[in-house]
Amino acid sequence: MLEVEDLSFDYGGPPVLREVSFGVEPGKVLGLLGPNGTGKTTLLRTIGMLLRPKRGRSILDGTDLSGLSLGKRAQRVAYLPQDTGSPFPIRVMDAVLLGRTPYARFAQSRRDRETAARLLEQLDLLPLAMREMGSLSGGERQRVWLARALAQEPRLLLLDEPTSSLDLKNQLGTMGLVRKLCREQGLIAVVSIHDLNLAAAYCQQFLMLRQAKVFAQGGEEILTPENLRAVYGVEAEIAKVRNRRIIVPFAE
């Protein structure tokens, strides 16, 4: 269980997060929604203690994450930033093996290599295993960094726009894999995502941020025209297709 209690944060100016609280059960994917500048990235980084909150705490499986060493926290929490930076001279397989660092002793183990190979296969990256990162497209690099995050074998995945540079097939494949791993392994994922229809298809819970605070949280019932108008400033209609909510914005 992930329990986020009254998280507040600022960068020395106006609050970026104000008393944010929510919970996510094992096996669930929570979609973090809201327009640019509402604190989604800061919230992800604060949950994982990459930024220390001004107030509040994050509790994972009964353990306050602020009390763990960096190495112990890396064994429980994996964070995938939206901007993974410029590629550097390293092969794809070695980039994924970086995710095994929290478990490393003196050399990579057979389990480390098997874990990396399995993730590369799951993300359709195995043919690229010996390629240099600099030779990949932006979408391919994004999937490599997701594989690295998963190689940590975390209990909690914090994913900041993991599908932003992917084509449609890989968007569906990536979110499908995240949901599958959560369901089968009891992981928890908190995913910042702008594509509301992708969120509706793969997330079971949602949290909407507005003006640094939680505006709404819950299941798909919070995906309403009224909430979308209040949070995003757009008019939209909600339709049902194969028992899924489809959000159709009105053209101006």
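Leaving aside neighbours within four places in sequence, which residues is T163 in contact with? The views below start there. This is a predicted model, where local features need pLDDT of at least 70, side-chain atom pairs count only at pLDDT 80 or more, and totals for chains, interfaces and linings use all residues. Residues are numbered from 1 along each chain as its sequence is written, and side-chain values use heavy atoms, with hydrogens and water left out.

**View A. T163 in its loop.** Here T163 sits in the loop between β7 (156-160) and α6 (168-185); helices (H or I, at least four residues) and strands (E, at least two) are DSSP runs, numbered from the N terminus. Apart from those sequence neighbours, T163 is in contact with Q171, T174, M175 and L198, contact meaning heavy atoms within 4.5 Å. With a relative accessible area of 6%, T163 is buried (under 20%; exposed is over 50% and partly exposed lies in between, using a 1.4 Å probe and protein chains only).

**View B. The largest nonpolar core and L33.** This core has 53 residues, and L33, M133, V144 and M208 are those with the most contacts inside it. A nonpolar core is a set of buried Ala, Val, Leu, Ile, Met, Phe, Trp, Tyr and Cys residues joined through side-chain atoms within 4.5 Å. Helix α5 (residues 138-151) brings the largest share, seven residues. A second, separate core of 26 residues includes L30, L43, L60 and Y79. Zoom in on L33 and, neighbours within four places in sequence aside, its contacts include K40, I193, F206 and Y232.

**View C. The largest pocket.** About 240 Å³ of space lies in here. The lining has 14 residues, with L50, A74, V77, Y79 and Q152 nearest the centre. A pocket is an open set of points on a 1 Å grid over the protein atoms alone, where a 1.4 Å probe fits, with protein on both sides within 12 Å along at least five of seven lines; lining residues have an atom within 4 Å of a point. The volume is the space filled by probe spheres set on the points, which are joined across faces, edges and corners. β6 gives the most to the lining, four residues.

**View D. F9 meets Y11.** A search of the whole structure turns up one aromatic pair. The ring centres of F9 and Y11 are 4.7 Å apart and the planes are at 80 degrees, so the pair is edge-to-face (centres within 6.5 Å, planes over 60 degrees apart; under 30 is stacked and the rest tilted). F9 is buried at 7% relative accessible area, whereas Y11 is exposed at 54%.

Note on methods:
Rings of Phe, Tyr and Trp (its six-membered ring) pair if their centres lie within 6.5 Å; planes under 30 degrees apart count as stacked, over 60 as edge-to-face and the rest as tilted.
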